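Dear colleague,

Please find below the structure I promised to hand over, followed by a short account of what was found in it.

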Amino acid sequence: MSRAKFEYYAPGTVEEASRLLLDAGKGAFLLAGGTDLLVKINHEMIHPKAVVSLNAIKELDFIKFERNKGLTIGAGARLADVEIHPDIRRRYPAVAYAASVTANTQIRNMGTVSGNLCNAAPSAENAPTLIAMNAEVALYGKDGERRLPLEEFFKGPGLTALEPGEILTSVFVPLPPAGSGVSYQHISARGKVDISAVCVGAMVSLDKSGCEDVRIALGAVAPVPMRALKAERVLKGKKPAEDLVEKAAEQAMKEARPISDMRASAAYRKTMVRVLTRRALTEALKPARKKIG
Amino acid sequence: MKVEITLNVNGDPHTLAVEPWKTLNEVLREDLFLTGTKLGCGSGDCGACTVMVDGKSVSSCLTLAVEAEGKEILTVEGLAESGEKLHPIQESFIEKGAIQCGYCTAGMEMSALFLLENNAAPKEADIRRGLSGNLCRCTGYNKIVEAISSAAESMNK
């Protein structure tokens with residue numbers, strides 16, 4: 001079999017894109033940055049019958065920050081745009097950082113945050129931070145729009161909650177709580193460019209009595225990006241002393257269910273979950289402590 | 001079915017009929033005979049196919065030609081504006097011996113251009129980060145980094 005020959009559509013509206021996707025049926029694929037789709041086409045991992053491009057839909061190409069609401073990243077926004085956006089850098093530095101360490105320069109100039117999520121790799125570089133920050137995705141389909149917490153969006157490697165004809169149109173990240181800090185930590189065998197062997201996002205919200213809320217999300221250590229719920233409970237409601245942070249990190253390690261593959265062994269991944277969770281919590285606590293004084 | 005598109009390549013408009021599954025890389029090389037842009041991995045890892053589209057460095061092997069319709073495309077053939085005098089990046093690559101087999105060179109130079117257009121005085125770490133999407137299998141990275149640093153200096157003069 002040679003590389004797929006497909007029909008190409010570039011509709012101007014989300015409604016039309018959704019309808020085209022539905023009409024074309026099973027062999028239809030959405031195109032945003034193309035940095036995952038074209039790789040799969042070039043290497044004949046998929047053979048699309050139709051490709052529906054989102055790139056002519058102007059309404060998807062936006063990044064919007066609202067002081068009283070939060071951040072919305074349109075499905076057309078490139079990783080490079082997210083990386084340098086002034087409001088994201090100031091108020092969501094971990095989101096900007098995760099975008100900035102996704103793949104390489106060319107891929108960031110092309111690829112989108114939404115595409116990174118829809119590709120649903122367990123290692124999706126942008127997922128842990130966004131899950132830790134309570135992000136929601138907006139999905140448009142034939143019955144209109146629905147919203148879903150990002151952590152419910154992932155169903156398995158390469159699998160999402162998207163129904164036939166449904167399109168992820170934007171990612172919403174609420175305003176982080178007043179006394180909070182967020183950190184993203186990742187590691188790979190070959191420097192910083194390679195896909196992460198393990199990645200961790202953590203958000204810690206402090207009040208006068210201790211950890212008011214903690215959210216820890218682990219990437220590349222389960223079929224989907226996962227919350228480390230028991231590790232969160234170790235810290236929740238308590239003073240975040242160093243030994244307790246270490247205990248939470250250890251608990252996260254126990255919760256992770258990694259496999260061995262070409263990027264790392266399961267044992268290495270487990271150990272790195274502990275190390276990166278500890279780092280993520282420690283880093284997230286720094287700005288949180290500063291804010292509550 | 002072929003689609004008629006117009007690509008603005010190195011300042012010249014080219015109207016041609018392309019199949020929608022053709023990549024920009026294929027159209028540049030096979031239809032426009034601009035073979036300076038190479039094809040390496042087809043995965044966006046090696047950077048040999050890097051071109052500029054609307055001022056941004058992209059992998060031409062991951063871009064559908066139809067999606068480049070109406071956009072400004074710059075390839076290594078258009079780097080030397082006059083077509084006679086080399087671009088300072090090209091001059092520096094020659095001067096510093098930053099070319100061995102040459103396969104990565106066009107992509108390296110386009111990534112260098114994107115870097116220098118966005119950061120006129122990059123530090124070594126910035127240059128290395130800017131080249132994170134370009135592989136040189138002759139492993140001549142040090143000389144490539146030197147060449148880009150030297151190009152930055154001559155472009156700032």
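I begin with one residue pair in this predicted model: Lys64(A) has Thr72(A), in strand 5 of chain A, as its bridge partner. The two strands concerned, strand 4 (residues 63-66) and strand 5 (residues 70-74) of chain A, run antiparallel and are joined by 4 bridges. Together they form a hairpin, with 3 residues between them.

Strand 5 of chain A and strand 10 (residues 167-174) of chain A pair over 5 bridges, in the antiparallel sense.

Chain A also contains an open sheet of 3 strands, with parallel pairing and the order 1-3-2. Strand 1 (7-9) and strand 2 (28-31) of chain A each have a single partner strand and stand at the edges, so one side of each lacks a neighbour in the sheet. On average, neighbouring strands of this sheet are turned by 20° against each other, direction ignored.

Within this sheet, strand 2 of chain A runs parallel to strand 3 (residues 50-53) of chain A, and 4 bridges join them. Leu30(A), for example, has Val52(A) in strand 3 of chain A as its bridge partner.

A helix accompanies these strands. Helix 1 (residues 14-24) of chain A lies across strand 1, strand 2 and strand 3 of chain A, and runs at about 170° to strand 3 of chain A.

Yours sincerely

Terms used
Residues are numbered from 1 along each chain as its sequence is written. Chains are lettered from A and ligands numbered from 1 in the order in which they are written. This is a predicted model: local features need pLDDT of at least 70, side-chain atom pairs count only at pLDDT 80 or more; totals for chains, interfaces and linings use all residues. Two strands pair if DSSP finds at least two bridges between them. Axes are lines fitted to C-alpha atoms, for helices over the stretch in contact, and angles run from 0 to 180 degrees between N-to-C directions. Two residues are in contact if their C-beta atoms, placed from the backbone, lie within 7 Å.
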